[in-house]
Amino acid sequence: MKYALRRVLQAVVVVLLAYVFTFVVISVLPGDPVTNTLRNPQNGFSEEEIQRIVAYYGLDRPVHEQLWQSLSRFVVGDLGVSLRSGLPVSRLISEVLSSTLVLAASALGVALVLAFAIGFGTQYLPKRYGQGLLRAFPSLFLSVPNFVIGLLLINVFAFQLGLFRVIDSEGGLATLFAAIALGIPVSARIAEVLVANLDHESAEEYASVARSRGLGRTGLLLRHLLKPSSLPVVTVVALAVGELLGGAVITEQIFGRTGIGSLVERSVTTQDLPVLQAVVTLAAIVFVGVNLIADLVYPLLDPRVRLGESRSRPKVEVAA
Amino acid sequence: AGGPAAGTATPPKDGGAITFLIDSLGDTWIPNNSAISSFQGHIWGHLTDKLVYVDDKGAVSPWVAEKWEQNATATEFTLHLRQGVTFSDKTPLDAAAVVANLDIWSKGDPTRGINPIGLFPKTYDHSQAVDTTTVKVFFKAPTLGFIPTLGYHGSILISPKTIALPSAQQADLSNDIGSGPFVLASWKEGDSVVLKKRPDYNWGPKALGHEGPARLDSITYKLVAEPSVRTSAVQSGQADVAYNPSPQELASFKSQGFTTATPRYLGFVNGFAINTKVAPFDDVKVRQALQHGIDRKEIISTVYTEDWLPAQSLFQSNVPGATDRSADFAYDADKANRLLDEAGWVKGADGVRAKDGKRLEFTLYANPYLAASKSVDELVAQQLGKLGFKTTIQAFDVVTYGERVKINSPSVAAYEVTRSFIDAGTVAGVLTDANKGENWFGLGQTDAKLVQLATGVAAADSVEKRAPLLDELQGHVLQQGYFVPLTQIVQRLYLQSPKLQGVTYNGIAYANYYAAWLG
Amino acid sequence: MAPQDRLTGELLRVEGLTVSYGDHQVVTDVGFSLRRGESLALIGESGSGKSTIARSVLRLLPRGVGRATGTVEFEGQEILSLSERRFRPLRGRRIGFVPQDPGNSLNPVRTIGVQAQEAAALIGEKGPEVVLETFDQVGLDNPRRVYDSYPHQLSGGMLQRVLIGLTVLPRPALIVADEPTSALDVTIQKRILDLLSQLRQDLNISLLLITHDLAIAAERADSLVVLKDGVVQEAGSTASVFSAPSSEYARKLHADVPALNPDRYQHLRDSDRPVGEPPRIEVRGVSKTFTVDGKVLTAVDDVSFSVAPGTTHALVGESGSGKTTTIRLLLGLEEPDSGSITVAGEEVTRRSHASLRSVRRHLQLVYQNPFTSLDPLWTVKRLVGESLDRYRVGDRDERVREALDSVGLSQDLLSRRPTALSGGQRQRVALARALVLRPDVIVLDEPTSALDVSVQAGIVEVMLTLQASLGLTYVFVSHDLALVRQLAHTVSVMRQGRIVESGPVAAVLDNPQEPYTRALVDSIPAGADPVAGGVS
Amino acid sequence: MSAAVALPTVRSFSTRSVPVGVVISFAVVVFVLAWSFLPGFFTSHDPAVGVPADKFQGPSSAHWFGTDHLGRDLFARVVHGSSSSVTSALIAVLIAVVVGGLIGLVAGFVGGWADTVLSRLVDVLLAIPEFLLAVIVVSALGFETINVAIATGVSAVGVFARVMRSEVLKTRRAVFVEASYLQGGARWHILTRHVLPNASRSVFTLAVLQFGFAILIIAGLAFLGYGDPPPASDWGLLVSVGKNYPLAPWLVYAPALVMIATVLSVNRISRWLRKTD
Ligand SMILES: Nc1ncnc2c1ncn2[C@@H]1O[C@H](COP(=O)(O)OP(=O)(O)OP(=O)(O)O)[C@@H](O)[C@H]1O
Ligand SMILES: Nc1ncnc2c1ncn2[C@@H]1O[C@H](COP(=O)(O)OP(=O)(O)OP(=O)(O)O)[C@@H](O)[C@H]1O
Ligand SMILES: [Mg+2]
Ligand SMILES: [Mg+2]
Ligand code: NI
């Protein structure tokens, strides 16, 4: 339990640091949505007017003061007000969060289904023909820019086949196809690990021994190989959460969905610092939280690993 | 085609819902702070009314203000309001409400983070409600542009209750009460705004040729950031209007039977304001060479379609007071070459002209407010390249652009203008630095003729007296090469389902669906 | 299958068996036969194809890669060409399999019980009773606990018992055992082998035993097949192969097994050495504890011994008894909690790395595993020469070549990297690296346990020759008593961090005083004793 | 008898045959590199100047990839854009390798206090989703291709730091490092001669893989409009401009296919390197 507590504390520190980090990075560029809107030549504001409004938002104070103020607000749960829209950041986020979570969860579902289909396929298909092709899929999935997948899917399934309507962007099928676009690269990562593990596990001595006990291919796969091969998938999935949240920026843009991703997109172009900070911190919380849970739950799944042991979950090498 | 959409094939009928795909829903919904947004203007245009209506020819006609008078020096105006106009919360839109609006437009409220309306005349002094339907407005100096400005997209009439709210609440669109033909049904930040018709609406502008409530039941503005997704959705019948399709594809859509609309706003044409302090543009010949070296026809045929018009002056040709000055800057490559030769710029081995060891070059900053700007600049760079004039293109996002590209800054030799206005008098405030003018050409008040013309335009107390001054001013600015027009600007483009009819476009090129119907 | 086959005839007949992995042929034209109730041993060095043959018989060659041709007849039925569906019922039911490494042979994430049920299901049993009964039969103390455990919670010996139990549970006619004990401690090896023999007799099961250990084969099998590079070198009854090996290879193999030739290197070992000099190494009352997960573990407990110059001192004991820790203390790689150590009169404990440098010149270590102790990116030349550079010794190339010569390595290897060397070659490189500074003392931590017997014999010979010519002092760690008898002068037997017995090799091994030492000595396979002597 | 540890089999050191897929991958990479060094050799068209009258022509023998909205030859633009695409991906990888590698090396080798501080920093970098991090960084630096490359590099620093650190830790504990120490090796010698070369091997393989991903991330950022102004023709920019013309789909698919082929090849090579390690 001491271990769990330490991990939680560590996670909290990381989240706070992520908050500060974002602030520092974004503050590098002097620019903010307020001055930006004001400087739109259509507006024709004078310099004094601009200064007055900037002062209202406290944007003229030294950076460290701003950071201190925003950090002390953040700690008590106040995310501040969006400079761009003037709405409370917590409201902006709570409005779009569920949409992104649904998308990310569906994408994860799609990714898992695809990955396991590939994984099982490699164990069943004859080595020479189907397998080579199947094994090439993860690589291919990882090489296609996700916006190309998105544009392709939307073109074919929404416009050519009319399966879903883009304006109904939160609808079931629309969400499914967005999830496919977002999930494909993730499925590749999972499949890579899964296939490697299935190969590895099936070459393990215990697989031979189990077969020597009369088990057939399916029995071996389901009773023996599946569980140990899937365990590292927990790690990959936990890491993939980051990719899902990051990838949502583009997927949401293409599929015309609201969500954390499109919120980031909009806020970045206007340098809406409070929103960006909140979103990045939220993403960090989700990522750190999921990984924390994975760390704490893993020992329950894998009898070999005990909580707090230095080698807890197997570290999967993340390739970017 | 500009103006009302073509095709009135089916008779008007009531009912139906349309979907309008838009590339952004702007930033904030605080009415004062957002009214300028090119995106939110669509929604404000249906949620709110204005005091006057300005059509796409710049003609001003009554709306909430039934009639108005002004004194001889154009410093005092009296507005007579229409009776019985109410906000959607049933409170009356009366003289007191108008005074509240005028005050907040002109001054904003810095303590609440509410900006003034940028283009509202700075000469505003105060206004008072004479009775429930009469408002008197006082100015410190002649303000010819006041009445047309009331039809500008910023001047939206909002309920005084809303105006009194703190900014965080005004930012919630559902708190923003207007008197328009539509009311808010629902909205989701960064996603969509759904409007439904207001059944008791009965005070639309006469100019739109429709009375009573709107015909359509609802309008959904849905944010779809990808241009290709917007157009494909209209093409496949999933939506009715796509905002800002790429101009080059319009012809092809048209041939497929879709309606396209490219209304022009009132304002300056798209062109370069030249900083005469920056080399090589400190030489009038180089400026003139630039004017004559640009092939506007090729721009239109390559980047745009024949719906675009070449510039005839520095104003769009629909602006009252604009005159045809195209001869002053007509495309003539030989002339441009000659001018550059005369100015002493000699072509080097790499095809770039040079003088005293300096190359003839400058940077164009593509205007992020105009989608086609990059393509136009690329083409201009190609054309100038043939003259031996090297042009580099720099493109920034809106934020960086606002930071780095400022008009009249020494690093910006040519500022790409995209600016709408409702009254040509605006020009007086940008040409020189007199009266805190924007000093577009970096001349300060050194060009006496320019100063004199600008002051004359500003001080004019009637449109008739102003017209000849305006004409002379346009001629002077163009002959001196201070401004290099490109094309008349179409900043708002629409791709539309052929079923949607009766759409109107106002003087700032916003589509209005009050009178529209689905065939 | 003919009825008489059931009782007496041939159970398994292999003929012209050829196996290849991809286009790499590893077993060529192998043939042998095994009669009902008898046992046959396949022996040969690592990589000679023993496991491959076992897997061919069980049809467990890796899918898609391994391909077997020839004939394998089991109970009169040709099984290589049988469809998987028809063959599957034979696996487990008629042919059982005991694997080499019990630690890897059970699914690590499922309980023993779940896996045991798979074996019970072969004979239609559902409940845990049969399994528990079998566990009892194979000598597992607490069957219920074993049943509920995960593999990692049991020791290697227990796991091997479990595996043997699962194999015999369906009462197969044949058990294929692939090195069933080589991953286990010596003392446990003997018990497991005894268990197998016992069950075999009780249940009348035939055994195809695979081993690299001639001594075990001699002790346990009725007949032998000797393999080299996938080709049968010699086959016949154990007695005949032992008494009159007809092939060169079998003769050499026999000669290289320490247990069968305890006095092979006597002449080298007992050559002249100085007498009366003070001990080169003195270890006095050294203790070392580790704290793991809050638990204190005494790895070395009050250990003392001394080594005379030019002699070999062996440290023996089962795994975890503290041998490696002791020598790490000796080298100054760990700090003892108490006690003192001197090497050539110099204290090595409680000193900094810098101040130890001068001692280290004369004190070198050869690690157990040559696959991890050589930087894979370095060439042999750099590896061997490293210490010369560090200590700025001149004529580097000359001394490197000399060192390679002395361990019997050709100069051609100078520019190779470890990955391009065999295990034996690597260990020789490690030895050369230790020798190149011309130290007085070399510490060797199980230097041959990762190597084949014949390779081991080569290394041992080099060691002893060097000792005879250079007067080196060795501290030699091993769990192999037979090897210790061949090359050491003195020995300390360790158990749970303590030295339980020590003294001259002959005295300790021939006349062990402690029960633990006796158990260790007993577990040396005796070989086919009556005839063994006649061969050396 | 020996406790025959499962040992890696000594591989015969014959020249292992290189799989066909890897050969093709190398060919693709060589081609792309050739494009970026000698674009003029592969196309005679000017990437920046087109014939406006020839705009939006589909792929043909005259214009292999068709022409764009200003009538410029798309193939020429792809070829001329490869230099910048390859360079920016290289910059991204370089930043990730150098900065991440250094952090990982110091954390892993120095340990203690430095490790704690650096590891937290790395945790922060890893906790922010990579693409999000890149978006934030590029928005702070300004939307230019070089900044996009820097942002992409920064976003991968965490991964490289972690891999480097664990490799350094692993190598530092390796038996051969202790052996070198016993041979009289000092800290610096061990670090530079044993730890760094061995730890770098997996970092190198990862770097090759990252090169492919960097191309994708840079393209993704370009897709969002964060890239160089025209007439730059990085692959990502080409796709990002091309997507606005749905009636001319080749403007998206031609550069996208080049990108996919390149990334696929690089990934294949990295995988092969990892296997032959
Ligand atoms: N799956 C495989 N693919 C390719 N080659 C293999 C495979 N398994 C074994 N080999 C090779 O086949 C040869 C024989 O291996 P095998 O495992 O049968 O030897 P062994 O006699 O059992 O050795 P050991 O004593 O080390 O267990 C070796 O050269 C080995 O490298
Ligand atoms: N660095 C360490 N930290 C914690 N425990 C250790 C450490 N090194 C050794 N031990 C423990 O000390 C005990 C003795 O280990 P040591 O390696 O000396 O045994 P050994 O006799 O060499 O065994 P083997 O024959 O398996 O090599 C073991 O229980 C081991 O787990
Ligand atoms: Mg084997
Ligand atoms: Mg040991
Ligand atoms: Ni052994």
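I began with the class make-up of the shell around ligand 1: 3 nonpolar, 7 polar and 3 charged residues. My classes put Ala, Val, Leu, Ile, Met, Phe, Trp, Tyr, Cys and Pro as nonpolar, Asp, Glu, Lys and Arg as charged, and the others, Gly among them, as polar.

The model is predicted, and local features need pLDDT of at least 70, side-chain atom pairs count only at pLDDT 80 or more, while totals for chains, interfaces and linings use all residues. Residues are numbered from 1 along each chain as its sequence is written, chains are lettered from A and ligands numbered from 1 in the order in which they are written, and side-chain values use heavy atoms, with hydrogens and water left out.

**Ligand 1**

I looked up the neighbours next, where near means a residue heavy atom within 4 Å of the molecule. Ligand 1 has 13 residues around it, and the closest are Ser46(C), Gly47(C), Lys50(C), Ser51(C) and Thr52(C). The surrounding residues come from chains C and D, so the site is shared between chains. Helix H2 (residues 50–58) of chain C gives the most to this shell, with 3 residues. Helices here are DSSP runs of H or I with at least four residues, strands are runs of E with at least two, and both are numbered from the N terminus.

Then I checked atom pairs. A side-chain N or O atom of Ser46(C) is 2.5 Å from an oxygen atom of ligand 1. For Gly47(C), a backbone N or O atom lies 2.8 Å from a ligand 1 oxygen. The side chain of Lys50(C) has an N or O atom 2.9 Å from an oxygen of ligand 1. Ligand 1 exposes 640 Å² when taken alone, and the protein buries 66% of that. These areas come from the Shrake-Rupley method with a 1.4 Å probe.

**Ligand 2**

I repeated the search here. Ligand 2 is surrounded by 13 residues, and the closest are Ser319(C), Gly320(C), Lys323(C), Thr324(C) and Thr325(C). Its shell holds 4 nonpolar, 6 polar and 3 charged residues. Strand S11 (281–292), strand S12 (295–307) and helix H13 (323–330) of chain C each supply at least two shell residues. H13(C) gives the most, with 3 residues.

Thr324(C) has a side-chain N or O atom 2.6 Å from an oxygen of ligand 2. A polar side-chain atom of Lys323(C) lies 2.8 Å from a ligand 2 oxygen. Ser321(C) places a backbone N or O atom 3.2 Å from an oxygen of ligand 2. The protein covers 64% of the 630 Å² of accessible area that ligand 2 has on its own.

**Asn107(C)**

Where does Asn107(C) sit? I found Asn107(C) in the loop between strand S6 (95–98) and helix H4 (112–122) of chain C. Asn107(C) counts as buried because its relative accessibility is 0%. Buried means under 20% relative accessible area, exposed over 50%, partly exposed in between (1.4 Å probe, protein chains only). Its side chain makes a polar contact with the side chain of His224(A), at 3.0 Å. A polar contact is a pair of N or O atoms within 3.5 Å; within protein, one must be able to donate a hydrogen and the other to accept it, and residues adjacent in sequence count only if both atoms are side-chain atoms.

**Helix H8(C)**

I noted several buried residues in H8(C), including Ile192(C), Leu196(C) and Leu199(C). Asn204(C) follows H8(C) and has a positive phi, near 55°.
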